[in-house]
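Please open the model in your viewer and keep the selection tool at hand.

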Amino acid sequence: MPLPTPLSILTLRPRPGVITGPGWNDAAATALLRAREASLTLAVVRYDDEVVHVDSGLSTRDIDALDAAKLYYSGLSQDEVAQRMHLARSTISKLLSHARKRGFVRITVNDPREDDAFLCARLSERFNLLDVRLVSPPSSAPEDMREALGRVGAQVLSEQIRDGDAIGICLSRTTEAVSRHMPRIPRKGVAIIQLTCCIGACVRTIDETMVMERIAASCGGQAVYFQLPAFLSAQQREDPGVKARLRATRTQRASTRVVLYTVGDARSNLAYLAGFRLEDADMTRLLTTSVGDICTHFITAQGRVCLPDLNNRATGISLPELREKEQKILVAGGPDKLQAIYAALANGYVSRLVTDVGTARALTMMA
């Protein structure tokens, strides 16, 4: 039986906006959404307002690239793939490159050091942790450490987000890396609440709005921004408008169930803190007794507040508030942060830890 004449044949490139309407059924909407995520062009055929065919719109080069990739990553050499497909070897090389650029190929490296169950169990038992995840960066460079931590930190965070959740984010270069690796997860009614603003080097290097928007977009949530500086002056603390924003901020962070944060070290934040005109004695104390900061609160190796006056001027989530949260995800690593990580663990500020293998081993020696 011959098919009826199509009433309409539509070719479009999906973009943000409404993707459903009269004549579009659920299958078409799903196809459009998937195509948008993959940046594909769709050819949609309808008969009497019913979608009967959705073509991915792959070009001939796309199809050849997919075929070449399947053969090559099944174990064949490029020469063997060329023979199978009756193409030149140079063409196969270009097709494989095209497949990677189009996102058809994803390469993962499974590092057995990151699956050290004994090491994770030792840390979990010692610090009463719900979960420990390990990373092994390809080098000791800070950017490689943050990238590795961000990749796994995003997995841990995404696993904790529920419908209707309020998720607290303490901004830093590490949480920026987390934001870039967040997977898409279908959730409803999620609020992503900024708990602190950046201090130190990250003030100049990351876009706070972009970080919050990425995390919110990953779960279909709404970003709620922090409307205060990291620390207040004596004059600012008496301002009625500032007091009102402080009350609103406390209400917002009280609603959070999950908090994602990292730790910093005092030395990297010295230039930033110099702007607050601290007394020489206070700066010396920071240098000699502080092992870093937890959510902008500078602490000693024992986890005590280093400078009470500076601590009272901090506007972010307090340490007692952090300790009471159901899920406290610390994403941090490297020798410079070892003592601050230990202080956070030893004082109950962590329920889930993402760190590197070297730091994890060092922590077991300190425990």
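Buried is used here for a relative accessible area under 20%, exposed for over 50% and partly exposed for values in between, computed with a 1.4 Å probe on protein chains only. The model is predicted, so that local features need pLDDT of at least 70 and side-chain atom pairs count only at pLDDT 80 or more, while totals for chains, interfaces and linings use all residues. Residues are numbered from 1 along each chain as its sequence is written, and side-chain values use heavy atoms, with hydrogens and water left out.

Select threonine 256 in the loop between α11 (240-254) and β8 (258-261); helices (H or I, at least four residues) and strands (E, at least two) are DSSP runs numbered from the N terminus. Threonine 256 counts as buried because its relative accessibility is 5%. Now show its contacts (heavy atoms within 4.5 Å): beyond neighbours within four places in sequence, they include Ala166, Ile167, Gly168 and Lys325. A polar contact (N or O atoms within 3.5 Å, one able to donate a hydrogen and the other to accept it; residues adjacent in sequence count only if both atoms are side-chain atoms) of 3.0 Å joins the side chains of threonine 256 and lysine 325.

Next, select helices α2 (residues 60-72) and α4 (residues 89-101), whose axes lie 8 Å apart at an angle of about 100°. This makes α2 roughly perpendicular to α4, a term covering 65 to 115 degrees; the axes are lines fitted to C-alpha atoms over the stretch in contact, and angles run from 0 to 180 degrees between N-to-C directions. Among the residues making the contact are Arg61 and Tyr72 of α2 and Ile92 and His98 of α4.

Terms used
Parallel < 35°, antiparallel > 145°, perpendicular 65-115°, else oblique.
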